[in-house]
Amino acid sequence: MTPNPRKDAYAEAGVDIAAGNEAVSRYKEVTQGWRHPGQLDAIGGFGGLFRIPGEDGRALVASADGVGTKILIAAEMRRYDSVGGDLVNHCVNDILVVNATPLFFLDYFAVGKLEPQVAAEVVRGCFEACRKNNCALLGGETAEMPGLYAPGHFDLAGTIVGIVDTKSVPDPNDVQPGDAIVGLPAHGLNTNGYTLARKLISPEEYHARFDGTTFGDALLAEHPSYYNDVRAIQRVAKVNAMSHITGGGLLENVPRTLPQTVKAVFEQSRWQIPPLFVELCKRGNLQHEERYRTFNMGIGYTLIVPLADAARAIEAVPGAKIVGWIEARRGDEPAVIVHPARPLDTSGSFDTSG
């Protein structure tokens with residue numbers, strides 16, 4: 001009898017990326033029958049574009065997202081303001097992929113039993129991140145729903161609206177073989193992969209020391225806004241495409257902004273994988289593909305630039321690195337390939353010297 005194949009570790013933890021992809025495909029199917037004349041793109045992008053009535057050259061860009069189960073770690077540690085900032089920054093990055101400038105943001109905070117001080121801390125985090133991103137916090141919704149959420153638990157989501165000149169929206173067809181991929185560093189998991197991370201690191205360990213900090217602090221590390229970094233690179237380089245590395249990692253997010261004729265090739269030895277990812281991969285015995293589909297593995301945002309502009313691009317932003325390149329794609333080749341560094345050695349570290 002053939003043994004059952006090992007399920008993906010993230011799916012075993014409760015999150016099925018394949019099911020999520022199928023759901024998006026079905027959303028596209030059910031919305032094919034009608035399209036608003038102001039809508040400029042299809043469902044499935046990082047942000048949706050809508051033509052401003054009377055202004056053919058400009059569009060509004062909108063996106064909605066949440067913080068995921070990172071909020072359970074914040075609730076366990078009773079640290080609430082950081083997840084509000086994570087939420088705003090995540091949404092800013094999503095619309096930045098199409099080159100949009102944020103205009104305003106609305107939050108949605110839902111809880112079983114409202115604690116005003118907790119709600120205020122969450123909203124303060126949203127407000128401070130909006131101020132840093134020059135984005136108005138217009139308001140939102142606070143919902144108290146007894147029985148839906150366990151005591152001390154809550155949900156947090158947000159909607160952002162930005163603006164973009166349609167001629168400045170990146171065109172995937174500009175991406176060509178030989179282009180360089182510039183990676184901007186992630187501070188940690190950002191807002192993805194937490195269901196598996198919580199399975200591998202228990203609340204009892206959150207205050208334990210790890211790599212000069214604690215596990216809890218490492219898990220709650222900020223999901224940064226890449227807005228200023230991207231604008232700095234755009235001042236010195238032509239940017240042909242961008243991706244925000246969220247759920248699905250490099251393998252799922254980078255192809256969303258590539259033409260079918262090319263593939264992205266990453267070489268992991270070009271950047272250092274943060275220690276938290278090394279620890280999670282070791283504890284979960286994650287295979288190569290699982291790592292790069294579940295976590296960002298240290299790259300939070302990618303930009304594809306002509307090779308001639310690559311050196312200027314990485315000089316413009318501290319920590320930016322050339323992490324890969326674009327090649328022609330043939331047949332049914334994967335859209336993204338990550339060449340690994342050497343496997344985890346006996347000390348639990350990635351050897352990135354090769």
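Which residues of helix H4 meet Tyr227, Val230 and Arg231 in helix H8? Val92, Asn93 and Leu96 are the residues of H4 that do so, where a contact means heavy atoms within 4.5 Å. This is a predicted model, in which local features need pLDDT of at least 70 and side-chain atom pairs count only at pLDDT 80 or more, while totals for chains, interfaces and linings use all residues. Residues are numbered from 1 along each chain as its sequence is written, and side-chain values use heavy atoms, with hydrogens and water left out. Helices (H or I, at least four residues) and strands (E, at least two) are DSSP runs, numbered from the N terminus.

**Helices H4 and H8**

- Helix H4 (residues 81–96) packs with helix H8 (residues 227–234) at an angle of about 30°, their axes being 10 Å apart; axes are lines fitted to C-alpha atoms, for helices over the stretch in contact, and angles run from 0 to 180 degrees between N-to-C directions.
- H4 and H8 are therefore roughly parallel to each other, given that angles under 35 degrees count as roughly parallel, over 145 as roughly antiparallel, 65 to 115 as roughly perpendicular and the rest as oblique.

- Strand S3 (residues 101–111) pairs with S4 in the parallel sense over eight bridges, and Ala110 stands opposite Ala143 in S4.

**Strand S10 and its partners**

- Strand S10 (residues 262–267) is largely enclosed by the rest of the structure, because five of its six residues are buried; buried means under 20% relative accessible area, exposed over 50%, and partly exposed in between (1.4 Å probe, protein chains only).
- With strand S12 (residues 321–328), S10 pairs in the antiparallel sense over five bridges, and Val262 stands opposite Ala328 in S12.
- With strand S13 (residues 336–339), S10 pairs in the parallel sense over four bridges, and here Ala264 stands opposite Val336 in S13.

**Buried positions in helices**

- Lys70 lies in helix H3 (residues 70–77) and counts as buried at 0% relative accessibility.
- Leaving aside residues up to four places away in sequence, Lys70 touches Val83, Asp86, Asn190, Thr191, Tyr194, Leu219, Leu220, Ala221 and His223.
- Helix H10 (residues 275–284) is mostly covered, with seven of its 10 residues buried, among them Leu276, Phe277 and Glu279.
- Just after H10, Asn285 takes a positive phi of about 50°.

**Cysteines**

- The structure holds zero disulfides, a disulfide being a pair of cysteine sulfur atoms within 2.5 Å.
- Cys91 is in no disulfide, and its nearest cysteine sulfur, that of Cys126, is 9.2 Å away.
- Cys91 is buried with a relative accessible area of 0%, and Cys281 is buried with a relative accessible area of 1%.

Methods
Pairing = 2+ DSSP bridges.
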